[in-house]
Amino acid sequence: MASKKLNVSSEIYTRFQAFYELMGIKIREILLVSSRYDAFIMEEDGSLASRIINEYSGLNLSQPPRVTRTPSAYAALEYLNEKKFDMVITTPHLDDMDAFSLGLEIKKLKQDLPVILLAHSTRGVYPPPENKDSSGIDEIFIWSGNSDLLLALVKNAEDRLNVDYDTRRANVRVLILVEDSPVYYSSFLPLIYKEIVRQTQAVLEVGLNEEHRLLTMRARPKILLAMTYEEAMAIFDKFRPFVFGVISDARIPRNNKLDNEAGFDLLSEIRAEISDLPLLMMSSEPKNSQRAAKIPAVFLDKNSTNLLAELHDFFINHLGFGDFVFRLPDGREVARASNLRELEEKVAIIPEDSLWYHARHNHFSRWLTARSEVALASSFREVDASDFTSAEEARGFIISNLRALRKWRQKGVVAEFKAFSFDPDTSDFVKIGQGSLGGKARGLAFMTALLQENPRIHESYPEVSIEIPKTLVICTDGFESFVSQNRLEDFGKEDFTDDVIMEAFLEAEMPEWLVRELEAYLAQIKYPLSVRSSSLLEDAQFQPYAGLYNTFMIPNNHPDLSVRLQHLIKAIKLVYASTYFEGPKAFSRSILNQPHLEAMAVVVQQLAGEEYGDFFYPAISGVAQSHNFYPVSPMKPEDGICLIAVGLGKTVVEGERALRFSPKYSHILPQFSTVDDILANAQRSFYALRIRNYPANLKFREYYNLDKREVDEAKTEYPVRTLASTYIPEEHRIRDGLLPQGYPVLTFAPILKYSLFPLPKILADFLDLGRRGMGCPVEMEFSANIGSDKQKKNSFYFLQIRPMVAEGQQLEVDITQQDLEKAFCRSSQALGNGKNEEIADIVYIKPQDFRPEFTVQMAEEIGQINAALLRENRPYLLAGPGRWGSADRWLGIPVTWKNISGVRAMIELRNEKIKADPSQGSHFFQNITALGIQYITVTEDAGTGDHFDWEWISSVPSVKELSFVRHVRLRRPLTIKIDGRTSRCAIIANG
């Protein structure tokens with residue numbers, strides 16, 4: 001069986017999901033039936049309810065039960081008819097009915113309701129009087145003033161109620177306690193429960209997060225109490241596969257009478273069936289230690305003054321709690337491990353004799369069981385040491401499965417960052433702080449969980465490594481602490497320039513607790529990082545704030561940790577500063593949010609890519625949308641659209657030249673219809689992170705610390721060499737592949753024509769998964785590396801997901817032939833749906849004065865007019881050539897949100913001067929559509945049917961005219977009609 005492969009991933013996922021269903025029956029309401037005197041004795045230093053609550057909170061247990069008390073048996077029966085209770089605790093001395101009779105009456109009403117008799121001594125209750133039927137009492141406990149008993153009797157009742165389901169559903173382990181004396185089990189059960197809870201909590205110190213710890217606590221071993229030999233054997237036979245230990249008194253009842261041999265026989269029979277099961281014999285007679293040794297079983301003297309310490313020793317050394325102590329067969333310790341990571345590391349180096357010793361005695365399985373890692377523990381137990389032909393084979397088997405366990409238990413989980421337990425190899429998603437993750441990180445966490453629940457996407461592409469880059473989130477309480485400590489709140493309430501805000505934030509001190517955590521994190525990782533915003537409002541469906549905050553990349557490879565820490569802190573401060581920049585503030589006001597209430601989390605993420613000389617970048621970055629606003633036949637809107645570029649994603653999200661295709665029709669490329677189209681529209685430059693020969697004091701200014709490189713200069717680097725075709729000027733042809741003669745042109749032919757990498761299919765699957773998961777159209781960002789000699793496997797990295805606004809058209813708008821004839825603007829590519837009659841102002845770029853080299857100045861002039869119209873609260877229509885909001889000044893006007901925050905409709909003109917593709921895919925475009933701003937594309941070529949009447953608009957008197965921009969106002973508002981079903985638009989001037 002040495003070749004046996006464990007399907008650890010699915011087993012662990014199933015196990016963790018099963019934990020949600022464990023301990024389904026809880027004791028939440030207790031009815032206490034007690035005379036006033038008994039209650040006074042029990043509540044001498046605090047109420048019974050308070051004691052239970054204190055016990056729960058002291059052990060960090062959830063949901064302490066509520067106690068309702070009555071001194072009357074008859075009143076108790078009335079309570080049971082009126083309200084649901086989960087347990088009844090009664091004392092012996094009741095005025096109107098004895099406890100045994102009350103138990104019988106309760107069972108008539110609620111047969112399965114646990115009834116506990118709590119007495120001060122055994123006198124008159126154990127054994128029950130001969131004239132009393134004790135069948136209405138489930139258990140008798142003796143109160144000695146120890147409030148630990150309250151926790152034990154509640155938990156023991158819960159264990160009995162849940163054991164059947166929990167063992168079947170999640171292989172939860174069972175510990176059997178065999179003791180007939182109420183005095184002894186009333187003492188032992190609290191000791192055992194407290195020990196199990198504390199030991200389990202010690203294990204959970206390395207839990208991934210609070211949810212993981214609570215769920216794992218539910219899988220702690222069940223403790224079942226048996227009072228006779230027959231009862232103990234019945235429990236053992238029923239739960240044999242789940243029993244992980246038995247504790248028994250030496251003398252217990254058998255055949256209805258005390259039998260001095262019964263405990264010895266019980267443990268001997270169990271030992272014969274399971275040779276390595278931990279067994280403990282208890283006795284008040286020290287001579288029984290010799291009999292215990294014959295079984296063999298551990299012996300515990302009930303009269304020992306070190307009873308608690310000896311019981312603790314049994315849990316640590318025999319039940320698998322505490323450290324895993326590696327020993328040689330002669331008992332000498334050679335190593336120890338306190339967690340899964342250390343266990344994996346130590347298994348790799350321990351001597352062969354120690355490895356075989358522990359493997360043959362199922363110590364690995366037992367230790368994993370104590371940590372509620374039942375799936376792997378059970379699988380280990382099924383594999384015998386003799387199945388392996390060598391120690392190295394056994395060692396490899398254990399290590400590979402421990403590694404898989406550690407990796408998969410992190411999948412789909414946002415874990416708390418802890419310096420002592422953080423493992424950069426397996427910790428995929430961790431957080432610092434207890435605040436919100438912010439919108440961007442929430443999307444990442446959601447997609448992480450979604451991928452975990454849908455392993456099919458991994459199975460469909462075995463040749464591609466599909467990953468979410470390793471992620472650290474600094475929660476919003478880090479931002480709040482930073483702002484509060486440095487008194488920066490006023491920057492959110494008042495208007496300051498971006499530069500002033502930036503300098504103030506850079507000069508401020510980062511909280512010491514956060515610096516310590518970041519330093520511990522950086523000490524263990526040395527790959528390049530992206531530092532990205534994740535504000536509370538970011539990536540929301542109707543207010544996405546896409547691209548309004550800063551993102552920075554850092555090389556994180558300087559030999560001096562303090563320099564790397566300085567780079568990271570500086571980047572975080574600048575992301576924090578961008579919270580209060582002019583652009584986000586203007587956007588917030590547009591959607592009636594208050595900027596000063598915004599809070600910022602930060603995503604620190606492994607940068608996807610490879611090293612190429614002095615630079616680091618992915619072969620491909622892109623944006624994919626599940627709704628295509630501009631489909632070209634045979635495409636449909638629901639087929640989606642993708643934009644890709646070589647290098648980092650800044651090229652795509654800022655509206656520069658990128659290749660656009662539908663994942664369903666990746667061979668149809670409208671912007672690459674002719675050689676001239678390809679030359680005009682192909683990507684010419686890309687962004688990369690410099691990882692060598694950079695200044696120690698990173699500037700974080702132009703291109704946000706990235707280098708903008710020409711495609712020509714990177715033609716020897718693998719991504720360009722693989723994805724480029726060659727333009728042959730003499731032939732005016734483009735040939736696939738990079739040839740020695742000619743010029744490189746990025747066509748991505750190996751991907752889109754020859755399926756070197758199944759990128760279109762992966763994107764289609766991801767868009768479908770995201771759309772189904774979010775219940776609406778989605779936009780996602782991604783990157784990819786292409787397998788090479790250095791890296792054989794293709795890699796796909798999911799980076800971000802956000803909802804899109806692509807609502808169904810609810811209002812039918814008819815555009816008549818008369819409308820088209822009257823319209824000064826007609827379009828066959830318009831976004832939105834409805835009729836707008838609120839705009840009387842038009843701001844447009846004067847076509848005769850347009851020069852691509854002056855587009856930055858045009859953006860500034862638009863900003864001036866926008867500010868004036870905002871003060872007057874007048875919405876306006878904005879018209880101009882090329883892509884609005886493009887970072888590439890040669891493709892359109894590079895306006896930012898602060899320049900156009902009052903706009904209500906926009907016209908994008910495509911003509912001979914600028915023939916850029918429509919804007920979709922950029923962050924700017926996402927924000928425009930999210931706000932419901934009508935977006936109209938007019939292609940001024942003959943035959944399109946689109947039209948813009950320049951002669952008419954030039955005749956309208958101007959309100960203000962600048963060098964490049966003109967503002968006109970009509971006496972009556974325009975009529976803007978957009979039919980969302982056909983994407984047609986007509987804009988009519990009404991005088």
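In the predicted model, E392 and R395 both belong to helix α17 (residues 391–410), where a separation of 3 residues amounts to about one turn of the helix. The two residues form a salt bridge, with the closest N and O atoms 3.2 Å apart. E392 counts as partly exposed because its relative accessibility is 48%, whereas R395, at 6%, counts as buried.

Side chains of opposite charge can pair when their charged atoms come close. The whole structure contains 48 salt bridges. One of them joins the side chains of K83 and E29, at an N to O distance of 3.4 Å. This pair links distant parts of the chain: E29 is in strand β1 (residues 29–33) and K83 is in the loop between α4 (73–82) and β3 (87–90), 54 residues apart. K83 is partly exposed, at 32% relative accessibility, while E29 is buried, at 13%.

A further salt bridge is formed by E179 and K302, whose closest N and O atoms are 2.7 Å apart. E179 lies in the loop between β6 (174–178) and α7 (182–204), and K302 in the loop between β12 (298–301) and α12 (307–317), so the pair ties together parts 123 residues apart in sequence. Both residues are buried.

T651 is located in helix α26 (residues 650–653) and is buried, with a relative accessibility of 1%. Beyond its neighbours within four places in sequence, T651 has contacts that include A645, V646, R657 and F686. The C-alpha atoms of T651 and D888 are 8.9 Å apart in space, although the two residues are 237 residues apart in sequence.

Methods. Residues numbered from 1 in each chain as written. Predicted model: local features only at pLDDT ≥ 70, side-chain atom pairs only at ≥ 80, totals over all residues. Heavy atoms only, no water. Helix = DSSP H or I, 4+ residues; strand = E, 2+ residues; numbered from the N terminus. Buried < 20%, exposed > 50% of the residue type's maximum accessible area, 1.4 Å probe, protein only. Contact = heavy atoms within 4.5 Å. Salt bridge = Lys/Arg side-chain N within 4 Å of Asp/Glu carboxyl O.
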